[in-house]
Amino acid sequence: METQRLRLQLCGVVQGVGFRPLAYRLAVELELAGWAANTARGLTVEVEGSADAIDRFLERLARGKPPHAIIQRQKTTFIEPAGESGFTLRESLAERSVDHHTLILPDLAACPDCIKEIFDADNRRYHYPFTNCTQCGPRYSIITALPYDRAHTTLQHFALCPACVAEYNNPHDRRFHAQPIACPDCGPQLALWDSAGTPLASGNKALLNTAEAIRGGATVAMKGLGGFHLVADARNEAAVRRLRDRKRRKSKPFAMMFPTLQSIKAHCDVSDIEEHLLLSAASPIVLLKHQRNGNIAPSVAPENPNLGAMLPYTPLHHLLLGELGFPVVATSGNLSGEPICTDEFDALDRLRGIADFFLVHDRPIARPVDDSVVRVMMGRALVLRRARGYAPLPIETGTPLPAVLAVGGHLKNTVALSLGNSIVLSQPLGDLTTMRAAQALEKTVADLNGFYAPTPCVVACDAHPDYYSSQFASGLGLPLIAVQHHYAHVLSCMADNGLDEPVLGVAWDGTGLGTDGTLWGGEFLRVTAAGFERAAHLRTFMLPGTEQAIRQPCRAALGLLYEIFSDDLFTMNGLAPLDVFTPSEQRVLRRMMQRGINTPRTSSAGRLFDAVSALLGLCQVSDFEGQAAMALEFAAQPHGAADEAYPFRLEQQQSPIIVDWEPMIHGILDDLKNGLATGRIAAKFHNTLADIIATVAATLGETRVVLTGGCFQNSYLTCRAVERLRDIGCTPYWHKHVPPNDGGLALGQIIAAARILKE
Ligand code: ZN
Ligand code: ZN
Ligand code: FE
């Protein structure tokens, strides 16, 4: 029988998922000679033997594809037989090719087999918090270079013990070529420190003492997978309050970790799809409806009908939560706007005064990767923060792209790089107002350039010249393409849905710089092959105090009302946002608006939400982004069935069309005067916005409508808009894997640059 030799090249997420072990087992079973090796391109396998055996090899390899593997491209070539015997796993071929296409796997939640081992007193990994295997454990957070080998991870300095070496080399072991393999004898170790960094305990004793401290109401900074968490007993109101005071975080909800799915279900409504998300390898924080019949401290998520819940995703979490048996607050260990802390010495410094104790370990974290946040809307997951478990998985675009680097926006900054048919989008790095986030941006760009070739030929950034990301981009010495903020939002949502032009993009957010130099944010953009056109926008109003007006919704409300009532506004009675200010402050505001000083005009839908939230007395001053809009959404929830809405006006004589909200504001003021319940007004407001979207789409004759921008994190608005658009025969699209907020901008920037380069 004739001997053949086949070379198989796989590209995609093919390293660190158990592909080589599978190839080895099949080759040995089918008596094929050859080898398998990770390469910078992915995985290369050569098999030699009978044509029949090779066929069966390919068939069984495809059928047995490891669950976390993603094959983007596959190439098979028949080559000259080499006459070798036996099958080997070769050292990685570390050539750096021009076509650098291996993709990095995100960190994977601990698998059931590993969990079983750490709770099995007879297992050598009993109570060992860094247990992992080829199917689970750290990946992106430990990788320092490609190809994915132990020497290219932060575990490189942990020399394997004989028992681990045996597992690593045994093709029938779950840990065959598991790069982060570790055990109590040779792997990373736990330690508990006091707030001065003095070691108090190590190993399992450190874990038990940590549990004791949390039971006693202390806050513990815990080093996890992609960074630090601040952990406290979620049932202990005083402990949670203290954490809020120390972190200077008044009301932004804290995420929680529950010991088990059952314990989540005891506190929250969990649908099938939400359960599936909680149990997935990504193990994100899922926003769930809080039943409010349990013992969760009110300060965990004040005035919020939802809880952000996740399950333990590392053996360390399983051990700690198993020991505690109750849910904990597990909020990111950072200061507002900064990336999450990753280094224990850095944490001692940055989290000083917040944490009473530090539960640390000596496995270095290569880069900050925060927990992901997902919300289910209309039976589908919507990723609000795409980080651990998702980043840096590629987003397929279907068409080949030129090599472009995109540096994102300003808040929730992310960066992206195109790789052939796909785009790698980074985890959020924080708000670029902070120095540490700016440093993280630079490091992440260096990371992407180090991991992947070819080097980008163009860099795309936001059109706002003052964003740090834009300035950073212009310093790279590459041709620069500045992309309008809302156009990038729309393209991002189109890519997320695999959608081509033409579409009508509804981009509603806080603010972004428009092509006319004003602040946009309530935009209807018609996107065609030629680019985009601002087809309609919300009527503009002033933001007295600019930045201050973003933090103080009462100012947005006064700016809005000034458009209607001019100076008479200041003589009106019973206006909640006006009563916030003293008579002398009111005089200053009035002068500012009369003269147009420090009062930029905006068409922002986000600021419209702020203004109405203030008008209803829900939020005058916000202490986190989106708070006022969230308050308005939550107020509207119980009235979702109501079909009432306010009137509005379209000014169609000009282009772009202006959507005038004045009739709606009159309606809201009348309802307030008549004492209508706040919740009903809030619902009517949302309904009106959905009507506006549908009416503008119908007026412009567009049928495919894309909903994007931070405002579409709002479930009520999104669901209602989708419903109204379907009513009139339109096809609505909203986000899935990519956040509607500025965390998704970099993706849209790449598409925009690619479109320009194509011309
Ligand atoms: Zn495992
Ligand atoms: Zn070992
Ligand atoms: Fe935005």
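The model shown is predicted, with local features requiring pLDDT of at least 70 and side-chain atom pairs counted only at pLDDT 80 or more, while totals for chains, interfaces and linings use all residues. Residues are numbered from 1 along each chain as its sequence is written, chains are lettered from A and ligands numbered from 1 in the order in which they are written, and side-chain values use heavy atoms, with hydrogens and water left out.

**View 1. The site of the iron ion (ligand 3).** The protein donors are H485 (NE2), H489 (NE2), D509 (OD) and D742 (OD), which lie 2.1 to 2.3 Å from the iron ion (ligand 3). Donors are N, O and S atoms within 2.8 Å of the metal (3.2 Å for Na, K and Ca), and water is not among the atoms, so sites may look incomplete. Because the 4 donor atoms around the iron ion (ligand 3) subtend angles of 87 to 171°, the arrangement is irregular. Four donors count as tetrahedral if all angles lie between 85 and 135 degrees; four count as square planar and six as octahedral if opposite donors are over 155 degrees apart and all others between 65 and 115; anything else is irregular.

**View 2. The site of the zinc ion (ligand 1).** This zinc ion is coordinated at 2.3 Å by C111 (SG), C114 (SG), C133 (SG) and C136 (SG), and the site is tetrahedral, with angles of 104 to 115° among its 4 donor atoms. Along the chain, the donors of the zinc ion (ligand 1) follow the spacing C-x2-C-x18-C-x2-C.

**View 3. The site of the zinc ion (ligand 2).** The angles subtended by the 4 donor atoms are 104 to 117°, which makes the arrangement around the zinc ion (ligand 2) tetrahedral. The donors of the zinc ion (ligand 2) follow the spacing C-x2-C-x18-C-x2-C along the chain.

**View 4. The crossing of helices α18 and α20.** The axes (lines fitted to C-alpha atoms, for helices over the stretch in contact, with angles from 0 to 180 degrees between N-to-C directions) of helix α18 (residues 605–615) and helix α20 (residues 662–673) come within 11 Å and cross at roughly 20°. Helices (H or I, at least four residues) are DSSP runs, numbered from the N terminus.

How values were computed:
Helices (H or I, at least four residues) and strands (E, at least two) are DSSP runs, numbered from the N terminus.
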